[in-house]
2 protein chains.
Amino acid sequence: MRSLFHPALEDVRPEAILHALSDPTRAAIFARISGAGCVEACTAVSAVGDRVIPKSSLSSHFKVLREAGLIRCERHGVEMRNHSRCAEVEARYPGLLSAIMSAYARTDASAMATP
Amino acid sequence: MRSLFHPALEDVRPEAILHALSDPTRAAIFARISGAGCVEACTAVSAVGDRVIPKSSLSSHFKVLREAGLIRCERHGVEMRNHSRCAEVEARYPGLLSAIMSAYARTDASAMATP
DNA sequence: TTTGATAGTTCCGAAGTCCCGAACTATGGG
DNA sequence: CCCATAGTTCGGGACTTCGGAACTATCAAA
């Protein structure tokens with residue numbers, strides 16, 4: 001298997017980050033990876049909320065996150081380890097990721113408050 | 001002409017904001033509106049960088065920004081006044097817009113630094 | 001009031017993107 | 001070697017985006 005492409009930090013573009021996180025599913029995946037520090041497999045994130053996500057869609061979501069520079073993926077045996085690149089991105093675009101993730105957290109919370 | 005739809009602040013969603021600003025053209029339009037406080041016409045923003053933007057595309061860019069809750073548009077005679085809703089959005093999603101806009105400012109600056 | 005000019009919107013077809021099932025590839029265990 | 005598991009690629013249908021041409025709205029001048 002060819003090794004996965006990861007953009008260098010200086011090639012990480014804001015439009016790619018915004019595009020990647022403008023999909024709530026991907027934002028939820030990224031939140032989970034960032035929260036856990038490291039998620040041990042794509043299939044560890046096989047559902048978001050109640051919605052089951054097909055393998056092929058999951059794979060392309062991870063690819064979008066990776067190519068946007070948001071995560072780093074390494075194969076470990078048969079599975080993938082996905083690390084957030086939060087700290088790096090924070091160095092380049094201060095406050096960006098935390099503002100985005102807390103914006104989502106805020107609406108998720110208000111969605112729960114109105115059942 | 002029917003009056004234009006603007007979402008209430010509590011209906012403004014992060015994914016819509018990120019999607020609207022994930023297009024560099026729209027982000028540039030929004031930056032100009034925010035900077036000026038008020039841009040007096042769509043045609044006042046008829047080009048971004050060297051690229052001329054067709055009227056129909058401009059119109060739909062403004063529509064996306066408006067429906068995302070980022071700008072407020074009012075007809076004044078034959079033209080439109082476009083105001084940024086920055087302050088409102090800042091109240092709901094603190095730090096979001098400033099982080100996004102300074103992320104773009106940072107890459108625009110480095111793009112100019114490497115000709 | 002009619003005519004004209006200017007500012008935006010709508011329509012629609014071509015091009016592009018996204019979604020997901022099915023088939024495929026890669027890795028490790030027995 | 002074969003199987004199971006984890007993930008990727010392919011392909012077609014649905015959806016989105018772009019931009020030219022035609023349309024509508026508003027105001028001003030004759």
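Arg72(A) counts as partly exposed, at 31% relative accessibility. In this predicted model, Arg72(A) pairs up with Glu88(A) in a salt bridge, with the closest N and O atoms 3.2 Å apart. Arg72(A) sits in strand 4 (residues 71–76) of chain A and Glu88(A) in helix 4 of chain A, so this pair ties together parts that are 16 residues apart in sequence. Glu88(A) is partly exposed too, with a relative accessibility of 27%.

Over in chain B, the side chains of Arg85(B) and Glu88(B) meet in a salt bridge at 3.0 Å, N to O. Arg85(B) is buried, its relative accessible area being 3%, while Glu88(B) is partly exposed at 27%. Over all chains, the structure holds eight salt bridges.

## A buried pair, and a histidine next to it

Another of the salt bridges joins Asp23(B) to Arg26(B), with 3.9 Å between the closest N and O atoms. Both of these residues are buried.

Asp23(B) and Arg26(B) also turn up among the contacts of His61(B), along with Thr25(B), Ile29(B) and Ile53(B), once neighbours within four places in sequence are left aside. His61(B) belongs to helix 3 (residues 55–67) of chain B. With a relative accessible area of 11%, His61(B) is buried, because the cut-off for that is under 20%.

## The nonpolar core

In soluble globular proteins, nonpolar side chains tend to be buried together. Here the largest nonpolar core has 57 residues, and the ones touching the most other members are Ile17, Leu21 and Leu70 of chain A and Ile17, Leu21 and Leu70 of chain B.

Take Ile17(A) as a way in. Setting aside neighbours within four places in sequence, Ile17(A) is in contact with Val12(A), Ala68(A), Leu70(A), Val89(A), Tyr93(A), Leu96(A) and Leu97(A).

## How the two chains relate

Turn chain A by 180 degrees, with a shift of 0.0 Å along the axis, and it can be laid on chain B with an RMSD of 0.0 Å. That's the relation of a two-fold axis. Of the residues of chain A, Leu18(A) comes closest to the rotation axis, with its C-alpha at 2.6 Å.

The copies meet through the same surface, since 100% of the interface residues of chain A are also interface residues in chain B.

## Where the chains touch

Each side brings its share: 21 residues from chain A and 21 residues from chain B make the contact. Together the chains bury about 1,800 Å² between them, with 69% of it on carbon and sulfur atoms. On the chain A side, Leu18(A), Arg106(A) and Thr107(A) lose the most area to chain B, together 28% of what that side buries. As for polar links, the count between the chains is zero salt bridges and two residue pairs in polar contact, both at pLDDT 80 or more.

Helix 1 (14–21), helix 4 (86–92) and helix 5 (96–113) of chain A each supply at least two residues of the side that touches chain B. Helix 5 of chain A gives the largest share, eight residues. In the loop between helix 4 and helix 5 of chain A you'll find Gly95(A). Gly95(A) is partly exposed, with a relative accessible area of 23%, and touches Glu90(A) and, across in the other chain, Ala99(B), not counting residues up to four places away in sequence.

Key. Residues are numbered from 1 along each chain as its sequence is written. Chains are lettered from A and ligands numbered from 1 in the order in which they are written. This is a predicted model: local features need pLDDT of at least 70, side-chain atom pairs count only at pLDDT 80 or more; totals for chains, interfaces and linings use all residues. Side-chain values use heavy atoms; hydrogens and water are left out. Helices (H or I, at least four residues) and strands (E, at least two) are DSSP runs, numbered from the N terminus. Buried means under 20% relative accessible area, exposed over 50%, partly exposed in between (1.4 Å probe, protein chains only). Contact means heavy atoms within 4.5 Å. Copies are superposed by least squares on the C-alpha atoms of residues with pLDDT of at least 70 in both. A nonpolar core is a set of buried Ala, Val, Leu, Ile, Met, Phe, Trp, Tyr and Cys residues joined through side-chain atoms within 4.5 Å. Buried area is the accessible area (1.4 Å probe) that two parts lose on being put together, summed over both. A salt bridge is a side-chain nitrogen of Lys or Arg within 4 Å of a carboxyl oxygen of Asp or Glu. A polar contact is a pair of N or O atoms within 3.5 Å; within protein, one must be able to donate a hydrogen and the other to accept it, and residues adjacent in sequence count only if both atoms are side-chain atoms.
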